[in-house]
Amino acid sequence: MKLLAIDTTGQTASVALAEDTKILAEYTINYNMTHSQTTMPMIEAICKNIELDLSTLDYIACSCGPGSFTGLRIGAATAKGMALGLAIPVVAVPTLDALAYNIFSTDAMICPIMDARRQQVYTAFYQWHKQKLCRLTPYEALSIEDVIEKAKTFEKVIFLGDGVLVHKKLLSQQETFCFAPIHCALQRGACVASLALEMIAEGKTVKGSELEIIYIRKPQAEREREQRIHKEEGKC
């Protein structure tokens, strides 16, 4: 079984190829380029370097949010297009689940935080139980202060994600908080692929046309439009 995994939900773009229980290739870029410029070239590079014929793929896995609205749409469009063109199913992997999966088998609480702008982060809390990563809270957009207050109730918390870089000074004030090292601090296609394999075993796949994105907040353009309408109605 071959599976191609894509993650374009944050500042990194990452693609990985899994075959049965092996990760055959992974390509990640964290640089000042748009994901629309990097995603397909990374897929093409993997195909070339391991002589992969895309027609032999069985599944496409896509990190489905929350995250950057533009990034989410690029990843979803790529996954949908390939899945429909190849007539294969898609595995929609929640972004925060895959990000938390960077940290394996620890007794500490795991808290991925993704910068959501406006002093908020996308987040959830996770813990390993009997070799399985369990999500303990809903996917939320919270202020960093609210995240800290929740995290302070746990004995030890490992933070990771691009939100750490934005809020590390504030987080560092707590002795029970620590941070993932840089090699496992951001999104990775291999983590998306690993979780997708578990989801396939549980029958959690969809058609390309049925792939849905997890939006916690409305896009900024839509929020601004609603604010304008509200102001205009208030003048009437």
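Which loop holds Glu-51? Glu-51 lies in the loop between α1 (35–49) and β4, where helices (H or I, at least four residues) and strands (E, at least two) are DSSP runs numbered from the N terminus. The model is predicted, so local features need pLDDT of at least 70 and side-chain atom pairs count only at pLDDT 80 or more, while totals for chains, interfaces and linings use all residues. Residues are numbered from 1 along each chain as its sequence is written, and side-chain values use heavy atoms, with hydrogens and water left out.

**Backbone features**

- Glu-51 has a positive phi of about 55° although it is not a glycine.
- Glu-51 is exposed, with a relative accessible area of 75%; exposed means over 50% relative accessible area, buried under 20%, and partly exposed in between (1.4 Å probe, protein chains only).
- Ala-87, in the loop between α2 and β5, is not a glycine either but has a positive phi of about 60°.
- The relative accessible area of Ala-87 is 71%, which means that Ala-87 is exposed.
- A cis peptide bond runs from Gly-65 to Pro-66, with omega near 5°.
- Pro-66 is placed in the loop between β4 and α2.

**Nonpolar cores**

- A nonpolar core is a set of buried Ala, Val, Leu, Ile, Met, Phe, Trp, Tyr and Cys residues joined through side-chain atoms within 4.5 Å.
- The largest nonpolar core has 37 residues, of which Leu-3, Val-91, Val-93, Ile-110 and Tyr-126 touch the most other members.
- At least two residues of this core come from each of β1 (2–7), β4 (59–63), β5 (90–93), α3 (95–100), β6, β8, β11 and α6.
- Helix α6 gives the largest share of this core, seven residues.
- Not counting residues up to four places away in sequence, Ile-110 touches Ala-100, Ile-103, Ala-124, Phe-125, Tyr-126, Trp-128, Leu-133, Ile-158 and Leu-160; contact means heavy atoms within 4.5 Å.
- Leu-52, Leu-57, Ile-60 and Cys-62 are among the members of a second, separate core of 22 residues.

- The buried residues in α4 are Ile-144, Val-147, Ile-148 and Ala-151.
- These residues are on the same side of α4 because they cover an arc of only 100° around the axis; the arc is that of the directions from the helix axis to the C-beta atoms.
- The cover over the buried residues of α4 includes β6, β7, β10 (140–143), β11, α5 and β12.
- Asp-162, Gly-163, Val-164, His-167 and Leu-171 are buried in α5.
- Seen down the axis of α5, the buried residues fall within an arc of 110°, so they line one face of the helix.
- The exposed residues Leu-165 and Lys-169 sit on the face of α5 turned away from its buried side.
- The packing partners of the buried residues of α5 are β6 (109–115), β7 (120–123), α4 (144–151), β11 (157–160) and β12 (177–179).

- His-167 belongs to helix α5 (residues 162–171) and is buried, with a relative accessible area of 5%.
- Leaving aside neighbours within four places in sequence, the contacts of His-167 are Gln-119, Val-121 and Ile-144.
- From His-167 to Tyr-215 the C-alpha to C-alpha distance is 22 Å, at 48 residues apart in sequence.
- Phe-69 is in helix α2 (residues 69–86) and is buried, with a relative accessible area of 17%.
- Phe-69 and Ile-213 are 144 residues apart along the chain, and their C-alpha atoms are separated by 9.5 Å.

**Pocket and cavity**

- On a 1 Å grid over the protein atoms alone, a cavity is a set of points where a 1.4 Å probe fits but cannot get out, and a pocket is an open set with protein on both sides within 12 Å along at least five of seven lines; lining residues have an atom within 4 Å of a point.
- Grid points are joined across faces, edges and corners, and a volume is the space filled by probe spheres set on the points.
- The second largest pocket holds about 360 Å³ of space.
- Its lining has 16 residues, and Asp-97, Lys-132, Leu-133, Leu-195 and Lys-204 are the closest to the centre of the pocket.
- Two or more lining residues of the second largest pocket come from each of β8 (126–129), β9 (132–135) and α6 (189–201), and β9 gives the largest share, four residues.
- The lining of the second largest pocket has nine nonpolar, one polar and six charged residues, where Ala, Val, Leu, Ile, Met, Phe, Trp, Tyr, Cys and Pro count as nonpolar, Asp, Glu, Lys and Arg as charged, and the others, Gly among them, as polar.
- One cavity of 30 Å³ or more is found in the whole structure.
- The largest cavity, with a volume of about 30 Å³, is lined by Gln-11, Ala-13, Ile-29, Tyr-31, Met-33, Thr-34, His-35 and Thr-38.
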